[in-house]
Amino acid sequence: YGDVLIGAPNYDGDQRDEGRVFAFFGSALGLETRAAWFAEGDQRLANFGSPLAGAGDVNGDGKADAIVAAPGFDHGQPDGGRVFAYLGSSTRRLR
């Protein structure tokens, strides 16, 4: 079944505009109504989740994977940005 990722790059969790991505898994009845998984940028102004995209099968395990960008992420230099890869799984959880 098809799954959906939704990015909320201006989400304020512990930090302002850290961003959050939500995963809604599909089923025979359609999409779940509650997010089954989420991840956050964990850094002020990271804007995690803008953009995000399906990445195909990056690791060759037969499961769809996703990439999520955080353009404001500071990693060695201010606003250098970072891209995160999340690997699909048959247990219905992103890793």
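This is a predicted model: local features need pLDDT of at least 70, side-chain atom pairs count only at pLDDT 80 or more; totals for chains, interfaces and linings use all residues.

Me: Why is Tyr86 called buried?

Reply: Its relative accessible area is 13%, and the cut-off for buried is under 20%, so Tyr86 counts as buried.

Me: And what makes Phe48 buried or exposed?

Reply: Phe48 has 1% relative accessibility, so it goes down as buried. Across the protein, buried residues make up 31% of the 95 residues.

Me: Why is Leu31 called partly exposed?

Reply: Leu31 comes out at 44% relative accessible area, which falls between the 20% and 50% limits, so partly exposed is the label. Asp3 gets that label too, at 42%.

Me: Where do Leu31 and Asp3 sit?

Reply: Leu31 is in strand 4, residues 30–31, while Asp3 belongs to the segment before strand 1 (4–8). Strands here are DSSP runs of E with at least two residues, helices are H or I runs of at least four, and both are numbered from the N terminus.

Me: Which residues does Leu31 touch, leaving out those up to four places away in sequence?

Reply: With contact meaning heavy atoms within 4.5 Å, the list is Gly2, Val4, Phe24, Phe25 and Gly26.

Me: What pattern does the protein follow along the sequence?

Reply: It reads β-β-β-β-β-β-β-β, with 8 strands and 0 helices.

Me: What makes it as compact as a globular protein of that length?

Reply: The radius of gyration, taken over C-alpha atoms, is set against a globule rule of 2.2 Å times the number of residues to the power 0.38. The protein has 14 Å, close to the 12 Å that the rule gives for 95 residues, so the description holds. Its C-alpha atoms fill a box of roughly 45 × 30 × 15 Å along the principal axes.

Me: Why is the pair of Trp37 and Tyr86 called edge-to-face?

Reply: Rings of Phe, Tyr and Trp (its six-membered ring) pair if their centres lie within 6.5 Å; planes under 30 degrees apart are stacked, over 60 edge-to-face, and the rest tilted. The structure holds 4 aromatic pairs. For Trp37 and Tyr86, the centres are 5.2 Å apart and the planes at 70°, so edge-to-face it is. Trp37 is in strand 5 (residues 37–40) and Tyr86 in strand 8 (residues 82–86), so the pair ties together parts 49 residues apart in sequence. Both are buried.

Me: How do you know what kind of pair Phe48 and Tyr86 form?

Reply: Their centres are 6.5 Å apart and the planes 80°, giving edge-to-face. Phe48 lies in the loop between strand 5 and strand 6 (52–56) and Tyr86 in strand 8, so this pair ties together parts 38 residues apart in sequence. Trp37, Phe48, Phe73, Phe84 and Tyr86 form one aromatic cluster.

Notes:
Residues are numbered from 1 along each chain as its sequence is written. Side-chain values use heavy atoms; hydrogens and water are left out. Buried means under 20% relative accessible area, exposed over 50%, partly exposed in between (1.4 Å probe, protein chains only).
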